[in-house]
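Okay, thanks for having me.

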Amino acid sequence: CDDTNNSTLVNCRNRNLKIIPSIKSQNVRKLDLSCNHLEHIANYSLSGIPNLLSLNLSWNCAPGKVRDEGETCELTIERNALTGLCYLENLTLAGNSLTVVPWLPSSLKLLDLEMNNIVMLGFHNISGLVNLRQLYLGMNCFYRNPCNSSFTFLKDMFKDAKSLRTLSLKFNNLTSVPLGLPPNLLYLDISENQIAEVKHSDFDNLTKLEYLDLQWNCQRCDHASQPCFPCANNSALQIHPDAFNQLQNLRVLILKGNSLHKINDSLFVPLTNLRSLDVSDNFLAYDIANGTFFSKLSKVKSLRLNYNFVPGVVFTKLRLSPAFAHMRSLRYLYLDGYLFGQLDKEGIKPLLMLPDLQMITFRTNLIDQVNLTLFANVSSLKFIDLSRNILTLAELCERTQCYTETSPLSLSHEITFSEYYPHWRYSTGGRDTLQHHAYYFNFPSCRNYSRSLDLSFNNIKEIESEFFKGLDDIQCLNLSCNFINQRLNGSQFLHLKSLKLLDLANNRIDSSHNHSFTEIPHLEILYLNYNEFQFMINDFFHSFDFIENLNSLKFLSLSFNTIGIRISTELRSNSLKVLVFRYNRLDIMWKGGTYTYLNLFTNLHRLEVLDISLNKLQTVPYTVIDNLPKCLKKLYIAFNEITFFHWKNISSLVSLTTLDLSHNFLTFLPKEPVYCGSNFTFLSLKSNNIHTLN
């Protein structure tokens, strides 16, 4: 096991342990024994650590269908094994195939019994837990952990649970809302059960409840991603109009996936503090167009209406109910998977007058027509997501008689990649880092920009400046995963004077024109990864001279382009700080006896981070190392085929702090000491073939 923080934290996770190690210490406060193969916890097993506050014993014996095929196990806990831990507050026993609740110390505040085989509970199981605030009992009886019955509560189970605030009963085959729920609950999760009806009195005593999750009880199965269990005759969850009358403090309500066709206005009248509502994956398409219940959601800030499409129907246009205009507090609207062709101003008119609307998503809707200027005057909007549709923007071009300078190649378009380049929403790379877990810089995303437009995963073939007229304040634009096969000449983004991040990954962009992107004066982040098509045409020269003309550019990704020959001999920039050059062919450019590209990175005068991983390199020429920018701080050369490295030349990189040579074929380290500079702090050599150290 490992211990940290003066032996207060002990980590024994995933060590193939069958017995609890003998630990004797008054200092240990937290012990993690999860993901082992513990078979028996005796009365004395934990007696040496009496001051324990947190104990994780989860996943030592997974339930039958969840464990590996052929594996057998059993975990037994003696009666007084846990009761002696008088200060224990957090206990996790999930994933242990327990059939009964063991004897527990009265000090507990959190108890996790999920994914066991417990199917009946009564007052005696928790009667002594007067301090318990969080109880997790989910997944004890469902399709992956079958019990051939439903989870049963004896009526008096919660009569003394006055401190309980959080209760999770998800995935338990419950057929009704349990009776006698503790009145001080703030959080209740009864999702993924088989509750067919919510009666008028089911929540009457839960006057303090703030979070209620009822999703997937009468499941909609026509696009389910897992085994689906609809209610009888595919009927909707029946909710009594007065079921929520006592829930004045409710802030979050999730009714997703319950086959609802219509929602009664009166349902939301008592919910005066509701802030978030999710009614996705129902059959509310016609309610979205004509329903009036939206007028009762005046304080709701987040509304999810995803995948309420009518099976087999694609509406010509989106038409939102006029009642949306009453949602004056709305900030976030999710309307994916409604299925319609045209998005116009008239159809979303109620939204355009909302004062605080910050984000709209229209993903996966089969939209083929939109005039982007309809969002131009909504000053509060920060993020507009039109990705995963079939937009071409060609109709707009025909109406405005755009002039087009297309690439002379004009080849047929290939299918875009199925993977989604994920830096758009997440701070770290996904597919670009799939094989490498040791990256120490983040991929910039749109989170820090005030106004963003996502047009990724559409059918856009050409970019013209008129497309973006009226969108001068857009700071982040995602055009990745389209069919753009075009030489950019410095005119395509003329109207986007505020643009700072541009994503053109997964296209066929030709950026060899000297003025590419120069119309974007504040461009800081540029993604051109996965545009390898142009570089596969070996008979053409590919210029990167445009980089020198982008005076604000700080981050550039040219990864996954198989760049190898007939390109600019030097990249030049006085502003670039991060260059990601993964999965290209530097092995060809730097092969022995050739000198053309030895100064490829020399004139990136402010470069601080360079990533040349996945380039099939067997070595990095010493001349290349000597000529790298002296301001370079982090150098990544991972996942290559390096057998020899010029260690002595590292001393020329006086600012270097990080060198990553992991996942290569190095077999030895230098015999003489290597001077890496006073700033050097991290060297990674993992996953090489080094067997001995001097």
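**A patch, a sheet and an arginine**

So, V314, L366 and I390 make a nonpolar surface patch, with about 220 Å² of accessible area together. Accessible areas are Shrake-Rupley with a 1.4 Å probe, and for residues only the protein chains shown count as cover. Patch members need over 30% relative accessible area and no salt bridge, with like charges joined within 9 Å and nonpolar side chains (Val, Leu, Ile, Met, Phe, Trp, Tyr) within 5 Å; a salt bridge is a Lys or Arg side-chain nitrogen within 4 Å of an Asp or Glu carboxyl oxygen.

Quick caveats: this is a predicted model, local features need pLDDT of at least 70, side-chain atom pairs count only at pLDDT 80 or more, and totals for chains, interfaces and linings use all residues. Residues are numbered from 1 along each chain as its sequence is written, and side-chain values use heavy atoms, leaving out hydrogens and water.

Back to L366: it's in the loop between β23 (359–361) and β24. Strands are DSSP E runs of at least two residues, helices H or I runs of at least four, numbered from the N terminus. L366 is partly exposed at 38% relative accessible area, where buried is under 20%, exposed over 50%, and partly exposed in between (1.4 Å probe, protein chains only).

β24 belongs to an open, parallel sheet of 3 strands, ordered β20-β22-β24. Its edges are β20 (315–317) and β24 (369–370). Pairing takes at least two DSSP bridges, and β22 (340–343) has 2 to β24; L343 partners V370.

Lastly, R165 sits in the β11–β12 loop, and its contacts (heavy atoms within 4.5 Å) beyond four places in sequence are R133, N184, L185, L186 and Y187.
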